Structures are given as structure tokens and as C-alpha cells.
Amino acid sequence: MPNVSFVAPDGATITVDIPNGWSVMEGAVKHGVAGILAECGGACACATCHVFVDPAWLGRLQPREAGEDDLLECTAVERAPNSRLSCQLRVSSALDGLVVHLPERQA
Amino acid sequence: MSVTHRIVVVGAGQAGLQLCETLRRSGHTGPLVLVGDEPHLPYQRPPLSKKFLTGELDAVRLALRPAEQLAKLDVALKLGTAVLAIHRDAHEVALADGERLGYDRLVLATGTRVRRLPAPGAALDGVCHLRGLDDAQAIRDRLGAARRLVVIGGGFIGLEVAAVARGLGKDVTIVEAQNRLMPRVVAPLVSEHYARVHAGHGVHIHLNTQVEGIVRAGEALAVALDDGASLPADLVVVGIGVVPNVELAREAGLHCENGIVVDEYAQSSDPAVLAIGDVAWHRNVLLGTSHRLESVQHAVDQAKNAAATLLGKPVPYAPVPWFWSDQYDLKLQMAGINRGHDSVVLRGTPDSGAFSVCYYEGTRLLAMDSINQPLDHMLARKLLAAGVTVPPTAAADPEFELKTLLPAG
């Protein structure tokens, strides 16, 4: 099962196994990663599952769709070029080892 | 209030679970008991009428937290257990299994139940109401073999089910008693847009039409309408609203209206009892009104509000309500409550597939519905939270950037 690492702002890292086909957000929530709120449950409707993707992984992600790009305008911590909503990142073996950094807050 | 209080939460849905999680993360060390009458771990309801029906999400993914995460929260889960009565004098609740649970504070998150179709034949096999996971599973089990689906009720649930069924190639008919779709929640021009889109996907829509009854007709069902028509169906899904589960509270003598009445701190008429989520007739100090709301946002936010009260750090409840509905490739997002609006301003063009509708009382923006315009929606939430209105002429100009109205910082 692919694993994904979540790095908190203080550097603390949690690495979790996430089944293929799940979103990175789902994996985080189900493993109790505190820095992901995901208030809407993954409907791309709330911008509270914001992550900064480690630059090494940026090229391997599916591009953002328009809705995600718009929601990123409204994150609690301002977006950066490597910002994504983790509900829109689909886990696959190609993303095994993905590293994402958590913002200071989500709301 | 004390972090060592024994807190019993009745109702293991989104609000009940959120309350337990927030209490633990905020330092509550006392016993927490979460009682739910369904046998399932707390789960997400919104996908039941969407991705769960298509099979894209299974019950495991529907769970809000897996069992091991719940165990880490040190919450005593009593699932599949109904509460029969609240004994406020003794500070106890009586469970269906005979146990009596004592509490220092009781939180009622009993939610709603589905409104049953008030017509003959509503209990026939193949007539499904949609509220819980078991209901959705029953629909999913029948949907595969069904060719013709009749959806009774043109609200969110009915329309979402219709969209899913069309995606699966089913023949779909919607019957709505009012003269337009989603009549209680959106402006006519939004209703009309959704009617056009559903019709464009091949859905048959009967407005101003009541169901007189359903009868079995051989292998299939026949849905009799008040205009004399009879619709053949292999499956009927009813989505005509919900009723708040206030009976426990009412029988215990708590003040109830169309919901359990609580203040802006989630407190009921008994200081030891709080109510949250769909069942709570609550006060919102930002909006200056009291009402009941059925939404994930409200369940989550009011659970946090109640946790603050329980921890002795009460904060008045003041979020901007928001909702969403996914149908086909339409994402409808609503910010604010449009009740009491006297005018509507269109932002953008429905024909483009992406637009917003702004609801005004005088010159004050009350609410905004956005269709495939998530940026408008997010900014509307921020503007409403900040108490900033949008001049109607600016709202009507899709080139006008709402962001420029946000207060600095």
C-alpha cells in the first residue's frame, strides 16, 4: 500500500499507508492527522485540507482542476505555487512515498 | 463546568463524533460515552445520495473515523443502542438494553428521521426512503437491476439520486408537489436552471404533482399521480424531507419547537443538557435568528460550540451557514440563509453553466448560491462573516472582484 508523509509546521512527521484510489485527505483523516480538517468530507467544497506538496513530487501530480484552483484562493494560510487540496490528490503506486507539508491552520 | 465531567452524547453522527473529538483534543479527561441507535461506526451522510450509490465509495470509506482512531479518543461507543428515556432528576438516560447511564452533562445529537410518503403503498418492497446507510444500501442493491426509477421529491436528495441514476443509464422520472425544483431553498432561476439540466440529461420532471398512491403491478410498481397518470417503476425513491427527533427531549420536559430549543451556547432549557446538529433549534448571533439547519457545516461548528460550553469557555455561535449539492457536473454551493430576501441579483449567465445568485434584503446581502463558481462561494462566506455587503450593482458585474471588498488582514 502506498505511503504518504505529513510534515507538521514544527517538523513532526507522520507517515501513513493509504489504499490505492483513496485521496490523500481521506488517508490523513482516517489516521487522525490533526492538521487536515476536511470539513466537507472531500467534495472539493471547503478548502480545509490544504497541503504544500514537497517540491520533489510536484511533477508527478495530476494538474489542478479549475474548482480546486479557485478554492485555493480561500485557504486559511495563503497559497503557494505548491499548494493543493489533499482531497483532490488520488493515491496510486506512482505517489508511493509522497511528502506533503501541513499549513499552520486550516480555518 | 469541568474537564472531568462524565459526558453522555446521544446520537453518533457527524455532530456527536465531532463533539467527542473536540472535547478530547481540548483537554477533556472525564469519561465520554457516545450512544447511537444504528449499528455502524459514525459515518458521512452526504455521499449516501451520491458516490455511495454509484459504488465509488464503500461503507469503510464512508466511516468518519476507523475504529482504531475512535479507540485512541478513549470514547466509550455504544452502537446499535437506542435511548428510551432521559431521567433529568436522576441525571440518567435509560438504554434499550436495560442499562442506565449516569451523566454530569448530556448532549442530544439525535438528528432527524426521514419523512415517510403519506400515501398508500409507501411501505411496498421497492419503495425506498433515503436517510441512513442501510437505506442507501437498500437502494444501491436494487438500482443495478432497476430499469425505471421514480423519484418522489425534487429537493437535494431526490435530485442527487436522479443524477446518479441517469449516470447509470436508468430511465428517471421526478415527481415534485410544488411548482419548481428545490422550492424551499433556492430562487426560481436556480430551480429553472436545474430543471433544464436534468431535462437535458433525459430526466422526466412532473411539477405541481402529488402522488396518490403506489401499487404493485406484476413484477413492477405503478405510481399513481393526481393528474390521473400512472408511472411504471422498478424502484421508487422518496426524498420529501425529514422530521427532527425531539421526542426524547420533549418527553423529558425540555423546551422544544421544530427542534430542541437551545441558545447560542447550545444549552437547552436544562443547564445540564445541550443539543447540537440537525435536531437543534438554535440561535445564531451573526444572523440574529433562531432556526434549525440540516448540514455538515452546522453539525461540525455547533459541536465545537458545545464543546467550548462544556469546557467552561463559552463562545456565542456565529458561523456563516453553508451547504452544497453535487448533481452531474454541477456543484451548487450556498452561503448564508436567504430567508427574508426581497430581491435577487444574478451574477454571470446561467447558459454558461457557471453563475451565482445573490439574495438581498434591501441593500444587505443575505446569501449567495453559486453554481460551478467556488471562488464566489468562498468569498461570499468570508464577506458574510465580516458583515460586509456587496453593492447589488457590483454583484451583478461578473468582472467585479469580490475579493476587493474583504477587510484587510
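Are Glu21(B) and Arg65(B) buried or exposed? Both residues are buried, a term that stands for under 20% relative accessible area, with exposed meaning over 50% and partly exposed in between (1.4 Å probe, protein chains only).

## Basis of the report

This is a predicted model, in which local features need pLDDT of at least 70, side-chain atom pairs count only at pLDDT 80 or more, and totals for chains, interfaces and linings use all residues. Residues are numbered from 1 along each chain as its sequence is written, chains are lettered from A and ligands numbered from 1 in the order in which they are written, and side-chain values use heavy atoms, with hydrogens and water left out.

## Chain B overall

Chain B holds 11 helices and 27 strands; these are DSSP runs numbered from the N terminus (helices H or I, at least four residues; strands E, at least two). Of its 409 residues, 55% are buried. The C-alpha atoms fill a box of roughly 60 × 60 × 35 Å along the principal axes. The radius of gyration of chain B is 22 Å, which agrees with the value near 22 Å for a compact globule of 409 residues; the radius is taken over C-alpha atoms, and the globule rule is 2.2 Å times the number of residues to the power 0.38.

Among contacts in chain B with a separation of 6 or more, 60% are between residues 24 or more positions apart, where contact means heavy atoms within 4.5 Å. Chain B exposes about 16,500 Å², and carbon and sulfur atoms supply 52% of that area (Shrake-Rupley method, 1.4 Å probe; for residues, only the protein chains shown count as cover).

## Salt bridges

Side chains of opposite charge can pair when their charged atoms come close. The whole structure has 23 salt bridges over all chains, each a side-chain nitrogen of Lys or Arg within 4 Å of a carboxyl oxygen of Asp or Glu. One of them joins Glu21(B) and Arg65(B) at 2.9 Å, N to O. Glu21(B) is in helix α1 (residues 14–25) of chain B and Arg65(B) is in the loop between α3 (59–62) and α4 (67–72) of chain B, so this pair ties together parts 44 residues apart in sequence.

Lys50(B) and Glu160(B) form another salt bridge, at 3.3 Å, N to O. Lys50(B) is in the loop between β2 (32–35) and α2 (51–54) of chain B, and Glu160(B) is in helix α6 (residues 156–167) of chain B, so the pair ties together parts 110 residues apart in sequence. Both Lys50(B) and Glu160(B) are buried. Asp278(B) and Arg131(B) also meet in a salt bridge, at 3.2 Å, N to O. This pair links the loop between β20 (273–275) and β21 (280–284) of chain B with the loop between β9 (127–129) and α5 (133–143) of chain B, 147 residues apart. Asp278(B) counts as buried at 13% relative accessibility. A network of salt bridges links Arg64(A), Asp69(A), Glu73(A), Arg79(A) and Lys403(B).

## Strand β11 and its partners

Strand β11 (residues 171–175) of chain B is largely enclosed by the rest of the structure, because four of its five residues are buried. Five bridges join β11(B) to strand β10 (residues 148–152) of chain B, and the two run parallel; strands pair if DSSP finds at least two bridges between them. Val151(B) stands opposite Ile174(B) in β11(B). Ile174(B) also stands opposite Ile205(B) in β12(B). Strand β12 (residues 204–206) of chain B runs parallel to β11(B), joined by three bridges.

β10(B), α6(B) and β11(B) make a right-handed β-α-β unit; right-handed means that, with the strands pointing away from the viewer, the path from the first strand over the helix to the second runs clockwise. β11(B), helix α7 (residues 188–200) of chain B and β12(B) also make a right-handed β-α-β unit.
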